[in-house]
Amino acid sequence: MPLGSFSKRLVAAFGLALAGVAVALPAPGPSQAAGPRPLFKLPFPCGQQWTASTRSDHIPNPNSLDLMKVGGGSNNQPILAAAGGRVVKSAYDDGGGWHVRIDHGNGWQTRYLHMISAPAVSLDQTVVQGQLIGRVGSTGDSGAPHLHFEQIQDGTTVRSAFDGQLVTVEVGRSQVLTSHNCGGGGTPDLGVLDFYLSDDPASSQNTRAVIHYGNSPMIPVVGDWNGDGTDTVSAYDPTSGRFLLSNDPATGAAQYNFPYGNPGAVPLVGDWDGDGRDNVGVRMGNTFYLRTSPVTSGTETTVAVAYGDPADTPLIGDWDGDGVSNLGVTKPGSNLFYLRTSANNQPEATRTVAYGNPGALPLVGDWDGNGKDNIGVRMGNRYYFRTSEVSDSAEVTHSVAYGNGDGREIPIVGDWNGDRRNTQGIVY
């Protein structure tokens with residue numbers, strides 16, 4: 001059965017322009033802040049390497065850094081707080097896209113732009129160094145997945161320093177930086193993915209034993225890979241573009257392990273041919289690539305469908321109950337769901353449905369077991385499931401509190417017990 005999960009709502013885009021005239025950055029001046037610069041860390045998981053660059057027309061000035069992961073796969077990488085502080089901005093605008101600004105006290109702030117989706121932290125939230133605040137994307141005025149990062153002293157963006165060392169980045173000269181944002185441990189520790197699943201749509205507690213499968217920065221994906229009517233949790237590795245799918249994740253083994261699409265693509269799951277088994281796909285730019293060969297096959301066949309804009313959040317669902325998954329999108333900062341009702345190989349027809357608050361995390365699932373997927377959202381720690389059909393103008397909703405909404409959680413939904421209803425889950 002087609003499912004909605006965080007992993008289907010991610011966005012990719014390509015083509016970042018880094019051109020500029022080679023001029024030297026001004027030498028850093030004496031500190032004007034009320035206190036010393038915090039010991040900032042590179043805002044990525046311990047041990048990762050990122051290339052920092054700038055350009056002459058960089059806004060607000062060439063001290064701003066564009067950071068791209070060495071070896072590719074920047075899209076959806078975790079963004080960590082460079083130092084502890086208080087979130088003073090967590091929002092979307094046309095220039096910075098989804099972005100966060102953190103006040104570290106004593107006149108110092110940091111800014112993180114172009115996140116892939118709504119930040120993992122909220123306004124006025126206190127964060128610690130190394131805490132997940134969002135994921136790399138290409139929203140706003142951006143041509144490819146990257147992180148625009150600034151260290152700000154008394155309101156002015158200044159040359160960044162990590163681990164006490166000023167960067168040497170100038171227009172025309174990049175620098176490879178290694179993250180020591182290690183939580184004090186000094187070794188890479190990206191964390192095992194822990195799945196907390198509930199079979200009860202009204203329960204705020206997990207009803208199943210916790211499943212440990214995959215490691216961050218892997219992205220959770222959910223699907224019925226063998227057609228038994230029950231969904232299982234699996235993972236997608238954005239650094240390699242590889243799916244690790246399991247029929248029994250409690251064993252920790254992946255029955256199906258294969259690459260599909262480019263590293264950093266947005267993973268998708270759906271039943272593209274109506275055979276009762278889910279398959280994988282990816283979204284790159286504004287094109288959905290749907291793998292039509294079975295996950296058990298070493299041969300790859302694909303259907304490609306262009307739909308929406310590159311900055312949109314992709315959705316997958318069976319809107320009409322014919323057993324075949326279809327496409328959809330939401331737009332950044334909007335509460336509108338655009339659901340493609342025509343077959344994937346037919347001219348485009350779309351139904352538009354408003355639901356939830358602008359910028360809420362969208363969900364897709366069959367909440368009542370009628371064979372048709374519907375839409376939902378997560379706001380704070382609550383799931384809101386629209387139980388009236390997407391074709392109805394009247395709105396009926398079921399809601400449940402699940403998790404704590406602290407920004408570290410990845411919401412997922414699935415049919416964990418085979419009763420044909422999708423229910424809630426959380427991944428840490």
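## Aromatic cluster

W367, Y383, F385 and Y402 are joined into a cluster by ring pairs. Rings of Phe, Tyr and Trp (its six-membered ring) pair if their centres lie within 6.5 Å; planes under 30 degrees apart count as stacked, over 60 as edge-to-face and the rest as tilted. The structure is a predicted model, in which local features need pLDDT of at least 70 and side-chain atom pairs count only at pLDDT 80 or more, while totals for chains, interfaces and linings use all residues. Residues are numbered from 1 along each chain as its sequence is written, and side-chain values use heavy atoms, with hydrogens and water left out.

## Other aromatic pairs

The whole structure contains 11 aromatic pairs. The pair F44 and W50 is stacked, because the ring centres are 3.6 Å apart and the planes lie at 5°. Both F44 and W50 are buried (under 20% relative accessible area, with exposed over 50% and partly exposed in between; 1.4 Å probe, protein chains only).

Y196 and Y428 form an edge-to-face pair, because their planes stand at 90°, with ring centres 5.5 Å apart. This pair links distant parts of the chain, 232 residues apart: Y196 belongs to strand β14 (residues 192–197), and Y428 to the segment after β33 (423–427). Y196 is partly exposed, at a relative accessible area of 26%, and Y428 is partly exposed, at 31%.

## Chain overview

The chain has 33 strands and 0 helices; helices (H or I, at least four residues) and strands (E, at least two) are DSSP runs, numbered from the N terminus. Of the 428 residues in the chain, 53% are buried.
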